[in-house]
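Have the model open while you read.

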Amino acid sequence: WGMSLRYGRSGKRGNEPWEVRKMKPVKADDREMKGNESGGGEMGRCPVCGYQGTAVDRRAVKHLVLEDCRKRVQGNGYRICMNEACEVVYFNPDDGMRFLKSQVSVPIWFKTDASPKYACYCSKVTEDQVLEAVLKQGASTVKEVNAITGAMDHPNCKENNPLGVCCHPIIQKAIDKALGMK
């Protein structure tokens, strides 16, 4: 059904695993939405698709939503919807605020049709660049990929990465994908 992205050695970010889940596409319009018929965001679930959200620091949300949306980023408790087919990126179950893909300044690497698909947001290194470093230049570790691509050279992950954490596990996932292609 889905593929897992792991963070660090424990495979978890805080108490929550990163998991990208394939689900039916969700139709949503391009405007900011607030609340929903079911009360929205019950227990940290996306108010559109119902998938359990992953906690994200408000700093990342405020930095990555479009400028005209930033004033609506209030309070804490933001989550990111890890459903690749859902149009919602960030939501706050406490106040019902939601931000869609069209309201975020960068493509979200795991969302359907993300282009480019960044592995490292801070250095703007794409998954394709990581794949090339492994397949054409023989890299097999994050350290080798970083040396070839420049990934993780300008770290400011708390603001630049949509999850607000280091991109190391995203780069590792791309390396694993490339090694599986050999």
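## Starting from Asn146

Set aside the neighbours within four places in sequence, and Asn146 touches Ala151, Met152 and Ile171. Keep in mind that this is a predicted model. Asn146 sits in helix α3, which covers residues 142-149. Is Asn146 buried or exposed? Its relative accessibility is 14%, and the cut-off for buried is under 20%, so Asn146 counts as buried.

## Helix α5

Helix α5 takes in residues 168-181, 14 residues in total.

Which residues of α5 are buried? They are Pro169, Ile170, Ile171, Ala174, Ile175 and Ala178. In an α-helix there are 3.6 residues a turn, so residues three or four places apart point the same way. Asp176 also belongs to α5, but is partly exposed, at 44% relative accessible area. Its C-alpha atom lies 9.1 Å from that of Leu131, a residue 45 places away along the chain.

## Where the two helices meet

A helix pair can be described by the angle between the axes and the distance between them. For α3 and α5, the packing angle is about 95 degrees and the axes are 10 Å apart. That makes α3 roughly perpendicular to α5.

On the α3 side, the contact uses Val142, Val145 and Asn146; α5 brings His168, Ile171, Gln172 and Ile175. By type, the residues of this contact are four nonpolar and three polar, with no charged ones. Ile171 and Ile175, both part of this contact, are also among the buried residues of α5.

Terms used:
Residues are numbered from 1 along each chain as its sequence is written. This is a predicted model: local features need pLDDT of at least 70, side-chain atom pairs count only at pLDDT 80 or more; totals for chains, interfaces and linings use all residues. Side-chain values use heavy atoms; hydrogens and water are left out. Helices (H or I, at least four residues) and strands (E, at least two) are DSSP runs, numbered from the N terminus. Buried means under 20% relative accessible area, exposed over 50%, partly exposed in between (1.4 Å probe, protein chains only). Contact means heavy atoms within 4.5 Å. The expected span of a helix is 1.5 Å times one less than its number of residues. Axes are lines fitted to C-alpha atoms, for helices over the stretch in contact, and angles run from 0 to 180 degrees between N-to-C directions. Angles under 35 degrees count as roughly parallel, over 145 as roughly antiparallel, 65 to 115 as roughly perpendicular and the rest as oblique. Ala, Val, Leu, Ile, Met, Phe, Trp, Tyr, Cys and Pro count as nonpolar, Asp, Glu, Lys and Arg as charged, and the others, Gly among them, as polar.
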